[in-house]
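This report covers one chain, with its sequence and model shown below.

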Amino acid sequence: MTLRAVSLLPEPACLRPDTSLLEALRLMLDKGVNHLPVCNGDEWAGLVDINDILGELLPSSARGEHGLKDLRFVGDGIALIATHIKELAAKRVLDVELLELPTLDEDTPLLEAALLLHRYAAPLPVLGADGRLKGMLSRRILLAHLIAQAGS
């Protein structure tokens, strides 16, 4: 059985690379999702992650691998966070590192899709034969489909 049998998340609004991070964040919050696809024209470009946007609200000295481990000395930092939220309007989706994920197609076997979902911490894009985004495959959708198929 292939992904053709699975009801994907409906084709999501594909963000343009020049979409502001604030607009992307608002859309994520409105839709209750943690990731949104990014397309350059009709071409899949990657996935923007809400965690990357959250990182933009932190001081740059805390973002890196060897950055500050503790920000308690700053206090609540609400003024700093408010400033950084306003700055999200000027930053674009292309300013953060997009998640580069393997793409699936409608003929991908379900077991292969399960393996890839297990390896990556995000829903995976499913592209049609024309290369356009058909939808996103999440763990929940695949697992619900597999349980239904198993009759459990």
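Ile85 lies in helix H4 (residues 78-87); helices (H or I, at least four residues) and strands (E, at least two) are DSSP runs numbered from the N terminus. With 36% relative accessibility, Ile85 is classed as partly exposed, where buried means under 20% relative accessible area, exposed over 50%, and partly exposed in between (1.4 Å probe, protein chains only).

The model is predicted: local features need pLDDT of at least 70, side-chain atom pairs count only at pLDDT 80 or more, and totals for chains, interfaces and linings use all residues. Residues are numbered from 1 along each chain as its sequence is written, and side-chain values use heavy atoms, leaving out hydrogens and water.

## Helix H6

Helix H6 (residues 139-150) has 12 residues and spans 16 Å from first to last C-alpha, close to the expected 16 Å (1.5 Å times one less than the number of residues). Ile141, Leu142 and His145 are buried in H6. They cover an arc of only 95 degrees around the axis, so they sit on the same side of H6; the arc is taken from the directions from the helix axis to the C-beta atoms.

The buried residues of H6 pack against helix H5 (110-119) and strand S5 (133-137), with contact meaning heavy atoms within 4.5 Å. Exposed Arg140, Leu143 and Ala150 are on the face turned away from the buried side of H6. Just after H6, Gly151 has a positive phi of about 75 degrees.

## Overall fold

The chain contains six helices and five strands, in the order α-β-β-α-α-α-β-α-β-β-α along the sequence. Of its 152 residues, 38% are buried.
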